[in-house]
Amino acid sequence: MLRFVVKKVLLALSTLLAVSVITFGMFFAVPNNPAELMCGDSKNVCSPERIEMIERRMGLDKPIPVQYAEFMRGVFVGRTIGTGPTARDCPAPCLGFSFRSDEPVTGIVGRTLPVTLSIVFGAAVVWLVLGVSIGMVSALRRGSAFDKLAVGTSLVGASMPILLFGPLLLIGLVYETGLLGYPRYTPLTENPLAWASAMILPWFALGFLNSATYARLSRAQMLETLSEDFVRTARAKGLSKITVYGRHALRAAITPIITIAGLDLGAYLGGTVITETVFGFTGLGRTALNAALDLDMPIVMATVLLAAVFVVAANVLVDMLYAVVDPRVRLG
Amino acid sequence: MRPRLAVAATSAALVLASSALAACSENTGENGDSDNGGGKQFTSSIATDPKDSQGPAAEVPGAKPGGALKLIQEQDFEHLDPQRTYTFFGMSIQQMFVRTLTVFKEDGNGNVLLVGDLATDPGKDVNKDCKTWEYTLKEGVKFEDGTPIKAADVAYGIARSFEETIDGGPTYVQEWLADNAEYNATYKGPYTSGSDTVPGLTVKDDRTLVFTFAKPHCDLPFALSLPTSVPVPKAQDTKTEYDRRVVSSGPYKIKEYVKDTRFVLERNPNWDPKTDPLRHAYPETIEVEIGPNDTAATERALAGQGADQTAVAWDEVPQALVNQVLGDSSLGERVVRKPSPSVWYLSINNERIKDVKVRQAIAYAIDKQGILATQGGDASGKLTHTLLADTTIGRTAYPNPYDGGPTGNPEKAKELLGGQKPKLVFMSRATAFGQQTAPIVEQSLEKAGFDVTVQYVEDHNPTARTRGNPYDIYLSNWAADWPSAVSTIPVLWDGRKLGPQGNSNVSYFNADDVNAEIDRVSNLPAGEAGPEWAKIDQTIMEKYVPVVPIYQDNTFLVTGAKVGGLIVSEQFGVPVFYNSHIKQ
């Protein structure tokens with residue numbers, strides 16, 4: 001087990017290292033000079049001296065490998081950005097300062113990540129509970145009216161983008177009827193009730209649409225498992241339906257669902273840009289998109305790295321969960 | 001969000017116009033741009049009577065105190081630190097919690113008057129040579145904690161704008177004081193230099209501030225309406241952190257600021273309306289809700305459910321909702337449409353396209369209406385052919401010298417080209433705007449016989465501002481910092497200012513006769529300069545066609561049913577809120 005964990009963690013770290021190098025390299029590969037961008041958009045005089053000044057202040061005057069090494073060092077031990085009287089301390093985990101707003105990126109991530117976490121974890125509960133339940137019941141009642149309805153609904157859900165479903169919910173429940181207020185994010189720690197009420201629409205929108213895929217997947221997996229020999233054996237031994245379906249069949253059927261759920265969760269935690277935009281939240285995804293459009297490298301770097309951390313961590317977690325859920329899997 | 005204001009380094013000029021007239025009318029899009037005379041009058045002036053600078057501001061008919069005004073916008077302000085603020089939206093909201101030495105007083109009907117805000121008047125030109133200016137602060141002006149605002153606080157605000165770390169704001173005053181575009185080459189600000197004393201800026205006593213320049217700067221009263229002149233109490237200057245907590249000197253103070261989520265203002269009990277010629281504080285609170293996009297904000301203001309009745313969709317009406325808004329006559333005054341000072345040009349790189357006939361052909365060929373249609377059509381702007389926006393003092397309309405009609409005249413262009421097929425490299429923005437407009441530009445020019453290559457470029461603006469860039473044409477825009485041609489003509493068309501980078505004159509136009517005229521008009525006495533600038537506009541376009549003016553932006557937004565007193569500023573081209581109130 002320990003060997004497995006160490007191997008996975010090392011693999012994860014090397015993946016993250018590669019992502020960081022590629023992101024950093026790509027930013028400098030595109031033909032732009034961040035200092036010129038900061039200077040040229042608002043200043044009538046963007047002299048070479050002024051560009052130099054900005055480069056010095058942002059630490060862009062050093063060779064790219066040095067900048068990369070300093071960036072990575074800053075993440076773990078902090079660093080001082082710039083030199084001379086304009087040097088600024090950036091404590092660990094230092095992700096630099098935004099080129100646009102001059103704000104510490106750690107602060108921006110700290111502010112926007114909880115928004116994305118709130119959306120994704122709530123929606124994940126919805127799509128897993130709803131999707132897996134519908135899928136299981138459909139499989140057990142194959143061919144029934146419920147099964148047909150569930151399959152049809154999930155087909156609609158799986159084919160509808162949130163870009164359409166979100167605004168439809170807003171028109172129906174907010175603009176036209178006033179049944180719900182327009183979502184306004186309040187931190188969970190500040191007011192749990194306000195937090196939950198702001199999240200109802202995004203949870204439902206993202207959760208419902210994703211549950212369709214899970215319902216279809218769960219149904220197919222369950223049907224396949226139900227035809228397996230061990231299920232027939234369990235039935236033949238006279239075990240109750242609940243034990244056979246709930247304990248034996250479900251555990252076997254759920255393994256691929258965990259894989260997909262883990263990957264989905266990891267990917268969504270990296271940013272739910274469309275959901276955030278539709279419902280007016282400034283989460284990690286929207287921040288990343290705006291930063292990419294603004295060529296705000298420190299934010300792009302931070303959000304890409306964070307997204308990679310989530311995806312990699314989710315993968316490791318999923319691999320470990322296999323052993324817990326499916327007794328056929330052994331780690332080694 | 002609107003683009004950042006572009007900074008204009010101006011040469012000396014006299015713009016103490018008592019009044020100036022410009023004409024504009026609604027664009028019908030039927031026969032070229034209709035801006036050839038007639039229509040609404042826009043008047044602008046600088047106050048000569050100190051009474052104009054005194055408070056309180058005249059009551060807005062029907063306005064009552066109370067209620068919560070809500071402004072909805074998608075993105076947070078880049079900066080709120082006054083010395084770092086240089087966006088229309090930022091300056092607009094700042095007017096409600098900080099004050100400047102001078103301010104534009106507008107009535108929403110085109111009458112604009114520059115008056116003293118913290119100062120008793122727009123400024124005293126001590127020796128009548130625009131080199132020494134004296135400002136006296138009003139009595140009774142206070143910060144939010146009740147501390148009197150002193151001349152030293154205004155001077156300190158200006159001093160900190162010299163700091164490298166306090167960047168992003170306007171730099172007119174700094175450059176004029178330093179007499180150097182590299183304004184912080186010598187004095188580097190209070191943190192770095194260890195001194196609060198800016199060379200050329202003298203604090204005579206608690207209420208008197210004197211600016212001394214090496215060269216004449218007659219536009220100083222205008223430049224001081226920008227937030228560089230906001231007072232900052234030294235003891236509460238938190239350097240770059242000041243962006244998050246600004247000390248109020250206006251009718252409201254900051255109650256709460258959660259970045260990217262909300263910015264809430266509440267009334268400042270230490271603001272005395274008797275000292276303020278401009279502002280009211282009718283709403284109890286003003287809240288900026290940050291996050292919803294333009295579609296959501298407009299839908300909410302239109303639906304007006306609950307608290308959204310007092311909302312302003314600040315980001316303007318998105319293209320998808322234009323017809324719905326225009327088609328709903330019941331909205332009445334809730335629909336706000338007004339020209340902004342921002343003009344879009346097709347800039348022609350004059351150092352590459354030297355043949356004036358080719359430039360004339362481009363002017364004839366271009367499909368202006370098609371370009372505007374991609375941005376929302378007539379609701380979003382009006383076609384134009386003048387260099388100056390119609391919000392500019394003294395601007396007069398003249399017949400379009402190369403009128404190809406709203407969609408262009410390829411035949412006339414072909415005739416001018418005389419069988420040639422010139423190659424043009426068009427640099428377009430790698431953004432939605434660029435992708436929408438580039439095909440229109442390309443197709444209309446190709447119809448006229450040009451061979452156009454479109455290149456989408458990420459860092460469009462810095463590239464356009466670099467002399468010797470390899471592109472022939474590109475779309476650019478300009479919004480003057482104050483409604484005087486001084487912040488447009490000498491900045492965009494004086495070829496002697498061209499440098500290797502950071503040029504505002506992105507058409508790289510340089511003509512000796514125009515430069516001489518700029519010098520002449522810059523030294524004209526008060527009241528005469530406005531129409532003379534307009535003549536230069538006409539000369540440049542008739543003789544040289546260095547750019548093709550396309551359209552002037554419109555401000556177009558909707559408000560909730562209970563919002564009253566909203567004014568669209570002639571200076572900013574966006575709503576300002578000093579007359580806003582909640583209808584009871």
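UniProt, in an unreviewed entry, places the feature "transmembrane region" at residues 9-30, 115-137, 149-175, 195-215, 257-279 and 299-325 of chain A; UniProt positions are given in the numbering used here, feature names are shortened, and annotations may be inferred rather than shown by experiment. The structure is a predicted model, in which local features need pLDDT of at least 70 and side-chain atom pairs count only at pLDDT 80 or more, whereas totals for chains, interfaces and linings use all residues. Residues are numbered from 1 along each chain as its sequence is written, and chains are lettered from A and ligands numbered from 1 in the order in which they are written.

Two of the annotated segments were examined for secondary structure, with helices (H or I, at least four residues) and strands (E, at least two) taken as DSSP runs numbered from the N terminus. Residues 115-137 of chain A are 100% helix and 0% strand, with 33 Å between the end C-alpha atoms.

Chain A as a whole contains 13 helices and two strands, and its C-alpha trace spans about 85 × 60 × 35 Å along the principal axes. Of its 332 residues, 41% are buried, where a residue is buried if 20 or more other C-beta atoms lie within 10 Å of its own, exposed if 12 or fewer, and partly exposed in between, the C-beta atoms being placed from the backbone. Among contacts in chain A with a separation of 6 or more, 65% join residues 24 or more positions apart; two residues are in contact if their C-beta atoms, placed from the backbone, lie within 7 Å.

The domain assignment divides chain A into domain 1 (2-90) and domain 2 (105-329), the bounds coming from an automatic or database domain assignment. The centres of domain 1 and domain 2 of chain A, taken over C-alpha atoms, are separated by 34 Å. Their contact involves 13 residues from domain 1 of chain A and 11 residues from domain 2 of chain A. On the domain 1 side, α1 (2-29) and α2 (34-40) of chain A each supply at least two residues, and α1(A) gives the most, with 10 residues. This side of domain 1 comprises eight nonpolar, four polar and one charged residue; Ala, Val, Leu, Ile, Met, Phe, Trp, Tyr, Cys and Pro count as nonpolar, Asp, Glu, Lys and Arg as charged, and the others, Gly among them, as polar.

Within helix α12 (residues 284-294) of chain A, the residues Leu284(A), Gly285(A), Arg286(A), Thr287(A), Ala288(A) and Ala291(A) are buried. Their cover includes α5 (105-140), α11 (273-278) and α13 (297-325) of chain A. Leu295(A), which follows α12(A), has a positive phi, near 55 degrees.

The largest nonpolar core has 230 residues, of which Val312(B), Ala313(B), Leu346(B), Ala361(B) and Ile362(B) touch the most other members. A nonpolar core is a set of buried Ala, Val, Leu, Ile, Met, Phe, Trp, Tyr and Cys residues joined through C-beta atoms within 7 Å. This core draws at least three residues from each of domain 1 (2-90) and domain 2 (105-329) of chain A. Beyond its neighbours within four places in sequence, Val312(B) contacts Leu71(B), Ile72(B), Ala301(B), Leu557(B), Thr559(B), Val563(B), Leu566(B) and Pro575(B).

In chain B, four strands form an open sheet in the order β7-β8-β10-β9, with antiparallel pairing; two strands pair if DSSP finds at least two bridges between them. Because β7 (124-125) and β9 (201-205) of chain B each have a single partner strand, they stand at the edges, with one side of each left without a neighbour in the sheet. β7(B) pairs with strand β8 (residues 132-136) of chain B over two bridges in the antiparallel sense, and Asp125(B) stands opposite Trp133(B). The hairpin formed by β7(B) and β8(B) has six residues between the strands, and Lys128(B) in the turn has a positive phi of about 55 degrees. Trp133(B) and Tyr135(B) make up the covered face of β8(B), while Thr132(B), Glu134(B) and Thr136(B) lie on the uncovered one. Five antiparallel bridges join β8(B) to strand β10 (residues 208-212) of chain B, where Glu134(B) stands opposite Val210(B).
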